[in-house]
Amino acid sequence: MTNTLFQWIAEWFAPSEGNVALTIFRVISVVGFGMALLQLVLRTVGWDHHDTDIQIDGAGDHDGVSPISWTTLAGFALGFGSVGSIVMEKYANIPLAAAAGAGAGLVVGAVFYFIMRGFSLLKEDNTFNIRNTIGQVGTAYIRIPARTHGGQVQVVAQSRMVTLAALSDEEIASGEKVRILEVVGADTVRVERA
């Protein structure tokens, strides 16, 4: 079984009847497949950092996905090499194989781009940002004294209940509804009665 597999691989890469172009297309296809497989493994284990990807200034969209990246190059190489080798094997015409391969490479590269862009849109940043509480209505958790520290409010922000230190120009009793006006510190907000 093992000898048969290695024999098949050797025959597949060996230039048939001196056709080196066919071998080149096949090598490009295998390199593209290897690159795509490596990207899949890296993304699966969480090592898919954008700083290791090829970037062109201004080419990436707001999600950090670039149309020219290792992933899209892998897709292009896979499509170019695969379709190029099929056309080369059937018609033995290098310009036709290169054109067909380039077209297929662009399509496969674009498909890889849109798949990766879709995955990046699924990522959610759950880091709490206190500025997202401005305008929200919450409840005075601990009495808020007038013009001094010491009170606390509870408010739902980013789909979670948070407790924050609170300041107010007027005294607000525990349990009263409050509206958050502004952020005045890392974990402190200014509120008014709602």
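Partly exposed means a relative accessible area between the buried limit, under 20%, and the exposed limit, over 50%. R193 has 35% relative accessibility, so R193 counts as partly exposed. The model is predicted.

R193 forms a salt bridge with E170, and their closest N and O atoms are 2.8 Å apart. E170 lies in the loop between β3 and β4 and R193 in strand β5, so the pair ties together parts 23 residues apart in sequence. E170 is partly exposed too, at 35%.

The whole structure holds six salt bridges. One of them joins the side chains of R143 and E171, at 3.4 Å from N to O. R143 sits in the loop between β1 and β2, E171 in the loop between β3 and β4, and 28 residues separate them. R143 has a relative accessible area of 43%. E171 has 44%. Another salt bridge pairs R190 with E182, with closest N and O atoms 3.0 Å apart. Shared partners join D169, E182 and R190 into one network.

Now the strands. β1 (residues 137-142) runs antiparallel to β4 (residues 177-183), joined by three bridges. G138 stands opposite V178 in β4. Three bridges also join β1 to β2 (residues 151-157), again antiparallel. Here I142 has Q152 as its bridge partner in β2.

In soluble globular proteins, nonpolar side chains tend to be buried together.

Terms used. Residues are numbered from 1 along each chain as its sequence is written. This is a predicted model: local features need pLDDT of at least 70, side-chain atom pairs count only at pLDDT 80 or more; totals for chains, interfaces and linings use all residues. Side-chain values use heavy atoms; hydrogens and water are left out. Two strands pair if DSSP finds at least two bridges between them. Helices (H or I, at least four residues) and strands (E, at least two) are DSSP runs, numbered from the N terminus. A salt bridge is a side-chain nitrogen of Lys or Arg within 4 Å of a carboxyl oxygen of Asp or Glu. Buried means under 20% relative accessible area, exposed over 50%, partly exposed in between (1.4 Å probe, protein chains only).
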